[in-house]
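Work through the exercises below with the sequence and the model open. Try each task before reading its solution.

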There are 2 protein chains.
Amino acid sequence: VSAPESERLARAALSCVGEPGSIPLTAEVSAKGGQRAYDDLLAGRSLLSEDLAARTERVDPAAELQRAAETGIRFVVPGDEEWPAVLDDLAFAEELQQRGGIPVGLWVRGQRRLDEMAHHAVAVVGSRAATSYGSQLAADIGAGVAAAGPTVVSGAAFGVDFHAHRGALAVEGPTVAVLAGGVDRAYPEKHTPLLAHIARTGLVVSEAPLGAASMRVRFLARNRLIAALSRGTVVVEAAVRSGALNTATWTVHLGRTLMGVPGPVNSAASVGVHQLIRSRGAVLVTGPAEVLEAVGPMGSFLLTEPRGPRHPRDLLPVADRQVLDAVPVIQPALTESVARTAGVHPGRARQALDRLLEAGLVECTEGAWRAVSDRRAPSAPGG
Amino acid sequence: VSAPESERLARAALSCVGEPGSIPLTAEVSAKGGQRAYDDLLAGRSLLSEDLAARTERVDPAAELQRAAETGIRFVVPGDEEWPAVLDDLAFAEELQQRGGIPVGLWVRGQRRLDEMAHHAVAVVGSRAATSYGSQLAADIGAGVAAAGPTVVSGAAFGVDFHAHRGALAVEGPTVAVLAGGVDRAYPEKHTPLLAHIARTGLVVSEAPLGAASMRVRFLARNRLIAALSRGTVVVEAAVRSGALNTATWTVHLGRTLMGVPGPVNSAASVGVHQLIRSRGAVLVTGPAEVLEAVGPMGSFLLTEPRGPRHPRDLLPVADRQVLDAVPVIQPALTESVARTAGVHPGRARQALDRLLEAGLVECTEGAWRAVSDRRAPSAPGG
């Protein structure tokens, strides 16, 4: 199944001139379909700007698609089998920062099918100025999520994005990079090898045409795709004004699961994440298992909460525990002395001591009792 | 206003022999009052144990109160003006670990009135094996809360408790230590000076009689008092099996506000806190201001969420921002070049540039445009 060629050509032309996530454009194309939107625009029957019309006229979409194909890049549009249905949620998302809507099409670099990679995906995003803590966690989560099957979606930026992709690649797991500029242009340039690696095993995707620069407003449009392609977004580190918070907002508006990794409260790189947990309903996650639990289909990836080791004393009735607490560890004591310390009747103390002896928790030498030493374990309920 | 002397004597006798938080005892005394519970016990008309009756008979409560008074210790009971009404909530709290109920009375060391100190109080508890991070935060929160007025309640243990009290004392703020053993016995012994300091400016309180040792089950009973005396409990650090989690459970059962301070996810000392936030509904707090906001009477201690600095560019329409992004920072560019980079019509670009010039965001020399440099600020929406 694929979209009609005329539809692909029309959308390619519009994609080459329109700004990613431009609401008038995405709304028009969603309402009319690409071909009618394109025809109306060229015939002056459109509410879109004359400026856009003039530039559209100068585009040769067949040549653009040809040029893309020569470097292994395809243009995926609604109607293609490969089109991820999850992107259609963008039609209903609230408009953020004047960007929004279903993309006209996506430029895709890589062999894998986009719909399959987006079938069960998790976005891992965060600060470009990640600390070593954030970098390590991004890599751990990237690796743990990808090793379990789901795709790690991120933005290929410095910092958290880089380490999230790197973690997924390290376990030869699936990962998708969504760029603000053209998929033929590495941004940041230093990540040319990273993006080449991702394109070999996963996908590099963008709403912007080939050659497009990564400008600020395009990051905002791009962030909505990261959120929409994923079942949930993990924010690993984010300062108060991090772009990752924009992705977080898209995640909430799209009804996806928002997650945040906490960090030291005195780390500026964690302030934004703590705010997301405090006031945006982000689920606190501390590692990949909790991420998988939060985004998995119901019942999959269930977790057992971490527990301390069980101690035999936990199983004792309170009265016996009280007697056990009164038994000295070093210098053995007589039953009467233990009873006094425990504040119980000597007869009761003796019965409890016999049970404790049987449980191996105390030992008795010539009528004097001493506790067996495993009690140094971290079971103190003091705090 | 104070309770009748006979009631105080009866309760003192029961306190001297009963185990703190023993449910049969607290239930009996709450139902019948101290005096009738005492009389019934001695007359063999009680469901309480004969063992307890025999020991009660041997107690001279007047002598006990006299002995306490000689070291500046008083025994506060329901009916006293000083009795904190908040403790009555313990009658309805679910039983935890077989401890519970309203205490028969409280042994109090210090000049201040208990009801006044408990009027607006916050518990700050956590691991005895606190890290330097946890110690610092406990002190910060202790100081910040106490400086704002509310009392800092804790358990005078090593680690988080110590630092919470220390923080409050450092700002000469109110603090209350609730002990598992007698208020005349410093536990841990090393905290003798701390407890003396607290007794001078605040209060040292216990349900256990003078001379009582700090045994494990008494910590569980003690934790319910820490939770009940406070509007909310902040857990600063807690490993998976920390006693602070018992205080957290009491806090939830009593309908008080539970709070947790996050930390690095790879710190064992924060694992218990993260679990509280994940699965027990604890509010994530990062400092004293957020603690005060969470426990304050409605509308007091309101916070403004931290925000990054506002940049003039934030106030621009998206189209102008897009043009601004296309203006070079180093080498000035002509209007046509800016328009091409921005992907807009030159006429539009020119209008935008004029607005940007007026806003002081770009400068123009001989028809060439350059961005004014405050744009290095951390406002990048990439992430």
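**Exercise 1. The core**

How many residues does the largest nonpolar core have, and which have the most contacts inside it?

Solution. Bear in mind that this model is predicted. The largest nonpolar core has 74 residues. Val235(A) and Val235(B) have the most contacts inside that core. Next, take Val235(B) and set aside its neighbours within four places in sequence. The remaining contacts include Val125(B), Ala244(B) and Ala248(B). A run from Leu258(B) through Met259(B) and Gly260(B) to Val261(B) also touches Val235(B). Val273(B) and Leu276(B) complete the list.

**Exercise 2. An arginine in a loop**

Locate Arg113(A) and decide whether it is buried, partly exposed or exposed.

Solution. Arg113(A) sits in the loop that links strand E2 (106-109) to helix H6 (114-117) in chain A. Then take the accessibility. The relative accessible area of Arg113(A) is 30%. Buried means under 20% and exposed means over 50%, so the class is partly exposed. Now list the partners, not counting residues up to four places away in sequence: Arg74(A), Glu81(A), Glu82(A) and Leu203(A). Finally, check a C-alpha separation. Arg113(A) and Trp83(A) are 30 residues apart along the chain, with 8.8 Å between their C-alpha atoms.

**Exercise 3. A covered helix**

Which residues of helix H2 (residues 23-32) of chain B are buried, and what covers them?

Solution. Ile23(B), Leu25(B), Thr26(B), Glu28(B) and Val29(B) are buried. Their cover includes helix H1 (5-17), helix H3 (34-42), helix H4 (50-57) and helix H10 (216-228) of chain B. Now step past the end of the helix. Gly33(B) follows H2(B), and its phi is positive, near 85 degrees.

**Exercise 4. A sheet and its helix**

Solution. E11(B) joins strand E12 (residues 368-371) through four bridges. Within E12(B), Arg370(B) stands opposite Glu363(B).

**Exercise 5. Cavities**

How many cavities of 30 Å³ or more does the structure hold, and what lines the largest?

Solution. The count is seven. The largest cavity holds about 80 Å³ of space. Its lining has 13 residues; Ser15(B), Glu19(B), Pro20(B), Val104(B) and Glu207(B) are the closest to its centre. H1 and H2 of chain B are the elements giving two or more residues to this lining.

Terms used
Residues numbered from 1 in each chain as written. Chains lettered and ligands numbered in written order. Predicted model: local features only at pLDDT ≥ 70, side-chain atom pairs only at ≥ 80, totals over all residues. Heavy atoms only, no water. Core = buried A, V, L, I, M, F, W, Y, C linked by side-chain atoms within 4.5 Å. Buried < 20%, exposed > 50% of the residue type's maximum accessible area, 1.4 Å probe, protein only. Contact = heavy atoms within 4.5 Å. Pairing = 2+ DSSP bridges. 1 Å grid on protein atoms, 1.4 Å probe; cavity = no way out; pocket = protein on both sides within 12 Å on 5 of 7 lines; lining within 4 Å. Points joined across faces, edges and corners; volume = space filled by probe spheres on them.
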